[in-house]
Amino acid sequence: MKIATYNVNGVNGRLPVLLRWLEESRPDYVCLQELKAPEEKFPLQAINDAGYEAIWHGQKSWNGVAILSRHGLPVEVTRVLPGDPEDLHSRYIEAEVSGITLGCLYLPNGNPAPGPKFDYKLGWFERFALHAKQHIDSGKPVVLAGDYNVIPTGRDVYKPERWVDDALFRPETRAAYEKVISQGWTDALRALYPDETIYTFWDYFRDAFGRNAGLRIDHFLLSPSIKDRLKSAGVDKNVRGWEKSSDHAPVWIELKN
DNA sequence: ATGCCGTTTGAGAAACGA
């Protein structure tokens with residue numbers, strides 16, 4: 001079983017790239033982030049024609065998350081991150097697929113830091129940690145995939161010293177991520193490739209992709225009861241080089257059945 | 001060193017992303 005996550009940075013503007021990648025990669029399940037489309041503008045027909053069913057939570061202009069499935073409609077569990085009825089951002093959706101709970105998240109960026117946006121990020125992170133802990137306590141197989149907007153360590157960025165004051169790499173952010181990991185989650189790509197340089201995002205300018213000046217910020221966290229099924233993982237880096245690409249590349253894992 | 005580019009909204013410029 002192949003599960004992928006892809007921050008598309010606009011699902012409609014990205015549609016040709018998304019469809020081409022779906023056809024080439026053929027993941028069983030896909031988590032999408034940054035739809036940047038309201039609920040009614042999700043390109044369901046094109047997704048269906050590509051062989052996928054979908055659930056999604058849209059929002060005008062910003063955010064937006066979706067889960068695609070080649071094996072019937074995902075059974076939606078929730079389309080909000082619990083814990084704050086005031087939070088209206090579309091940043092979390094969760095479904096049951098093939099006996100797995102699959103959470104798709106778009107964690108807030110948090111820049112500039114410090115400031116209200118950074119406070120929102122850390123607050124969202126606390127709620128996410130509570131939700132993740134409930135999954136750990138359930139003992140069930142859970143995959144939490146998406147754009148975490150977290151550079152976990154200095155190994156995950158081309159020049160760490162330039163990012164120390166950035167919301168993606170500040171000590172508070174790394175500590176929040178580490179706190180979630182310490183509940184018992186496995187960072188799938190790092191587990192398989194402990195010493196490799198792996199990036200999932202390259203800025204649009206300064207020829208960041210050409211210089212491989214990237215960040216690893218899209219992650220798969222695996223609960224204890226599923227981590228031993230991890231077979232392989234990777235980044236479809238070539239997609240980042242396509243015309244009209246997102247600034248993120250798709251990331252995927254393969255699980256034993 | 002820096003939103004330098006890209007997307008969306010809405011019809012030009014601004015907000016936002018990382």
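Biologist: Let's start with Cys31: is that residue buried or exposed?
Modeller: Cys31 counts as buried, because its relative accessibility is 0%; here buried means under 20% relative accessible area, exposed means over 50% and partly exposed lies in between, with a 1.4 Å probe and protein chains only.

Biologist: Before we go on, what kind of model is this?
Modeller: It is a predicted model, in which local features need pLDDT of at least 70 and side-chain atom pairs count only at pLDDT 80 or more, while totals for chains, interfaces and linings use all residues. Residues are numbered from 1 along each chain as its sequence is written, chains are lettered from A and ligands numbered from 1 in the order in which they are written, and side-chain values use heavy atoms, with hydrogens and water left out.

Biologist: Back to the cysteines, then: how many disulfides turn up in the whole structure?
Modeller: A search of the whole structure gives zero disulfides, a disulfide being a pair of cysteine sulfur atoms within 2.5 Å. For Cys31, the nearest cysteine sulfur is that of Cys104, 4.1 Å away, and Cys31 is in no disulfide. Cys104 is likewise in no disulfide, with the sulfur of Cys31 as its nearest cysteine sulfur, and Cys104 counts as buried because its relative accessibility is 0%.

Biologist: Now helix α1; which of its residues are buried?
Modeller: In α1, which spans residues 15-25, the buried ones are Leu15, Val17, Leu18, Trp21, Leu22 and Ser25; helices are DSSP runs (H or I, at least four residues), as are strands (E, at least two), and both are numbered from the N terminus. These residues cover an arc of only 160° around the axis, so they sit on the same side of α1, where the arc is that of the directions from the helix axis to the C-beta atoms.

Biologist: What is on the other side of α1, and what do the buried residues pack against?
Modeller: Pro16, Glu23 and Glu24 are exposed on the other side of α1, whereas the buried residues pack against β1 (2-7), β2 (29-33), α2 (44-49), β4 (65-69) and α6 (237-240). Just after α1, Arg26 takes a positive phi of about 50°.

Biologist: And Trp21, what is it in contact with?
Modeller: Trp21 is buried, since its relative accessible area is 2%. If its neighbours within four places in sequence are left aside, its contacts (heavy atoms within 4.5 Å) include Ala4, Tyr6, Val30, Asp236, Val239, Trp242 and Pro250.

Biologist: Where is Thr78, and what does its side chain reach?
Modeller: Thr78 belongs to strand β5 (residues 75-78), and it counts as buried because its relative accessibility is 16%. Its side chain reaches the backbone oxygen of Val80 at 2.9 Å, a polar contact being a pair of N or O atoms within 3.5 Å; within protein, one must be able to donate a hydrogen and the other to accept it, and residues adjacent in sequence count only if both atoms are side-chain atoms. Beyond its neighbours within four places in sequence, Thr78 is in contact with Tyr92, Ile93 and Glu94.

Biologist: What about His131, which helix is that in?
Modeller: His131 is in helix α3 (residues 116-138) and is buried, as its relative accessible area is 9%. Leaving aside neighbours within four places in sequence, His131 is in contact with Leu81, Pro82, Tyr92 and Glu94.

Biologist: Which side chains come up against a phosphate oxygen of DNA strand B?
Modeller: Asp147 has a side-chain N or O atom 3.4 Å from a phosphate oxygen of DNA strand B, Arg162 places a polar side-chain atom 3.4 Å from one, and for Lys244 the distance is 3.5 Å.
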